[in-house]
Amino acid sequence: MELFNSTGFEVQDKVFVELDGKKYFGTVVRTDTERDRIKVDYTSKSEEQVKDWFHKSFWKKVTTK
């Protein structure tokens, strides 16, 4: 059982990254505190789900105001 998540991300957090002036969105599906990584589902309009591990600094949380 994990008491604290040092990545700053929680499962189901909405995240985004900006590359070449375009924003891409995803959802955190797992966290790995030992390696400071998060697994993100960034499935777009394709037929297959796309989930990969990233260093936590690659993505930013989507904040709602």
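The predicted model holds 6 aromatic pairs, where rings of Phe, Tyr and Trp (its six-membered ring) count as a pair if their centres lie within 6.5 Å, with planes under 30 degrees apart called stacked, over 60 edge-to-face and the rest tilted. One of them joins F16 and F25, whose ring centres are 6.2 Å apart with planes at 40°, so this pair is tilted. F16 is buried at a relative accessible area of 16%, while F25 is partly exposed at 49%; here buried means under 20% relative accessible area, exposed over 50% and partly exposed in between, for a 1.4 Å probe and protein chains only. Residues are numbered from 1 along each chain as its sequence is written, and side-chain values use heavy atoms, leaving out hydrogens and water. Because the model is predicted, local features need pLDDT of at least 70 and side-chain atom pairs count only at pLDDT 80 or more, whereas totals for chains, interfaces and linings use all residues.

A further pair is formed by Y42 and F54, with ring centres 5.7 Å apart and planes at 70°, so the geometry is edge-to-face. This pair links distant parts of the chain, as Y42 lies in the loop between strand 3 (37-41) and strand 4, and F54 lies in strand 4, 12 residues apart. Y42 is partly exposed at 28% relative accessible area, and F54 is buried at 17%. Together with F58 and W59, Y42 and F54 form one aromatic cluster.

Rings also meet charges, a charge being over a ring if NZ of Lys or CZ of Arg is within 6 Å of the ring centre and within 35 degrees of the ring normal. R37 lies over the face of W53, at 4.5 Å from the ring centre, and the charged end of K61 sits over the ring of F9, 6.0 Å from its centre.

F9 and F54 turn up again in the largest nonpolar core, which has 8 residues and also includes V15, V17, V28, I38, V40 and W59. Such a core is a set of buried Ala, Val, Leu, Ile, Met, Phe, Trp, Tyr and Cys residues joined through side-chain atoms within 4.5 Å.

Strand 1 (residues 14-19) pairs with strand 2 (residues 22-32) over 6 bridges, and K14 stands opposite T27 in strand 2.

Methods. Two strands pair if DSSP finds at least two bridges between them. Helices (H or I, at least four residues) and strands (E, at least two) are DSSP runs, numbered from the N terminus.
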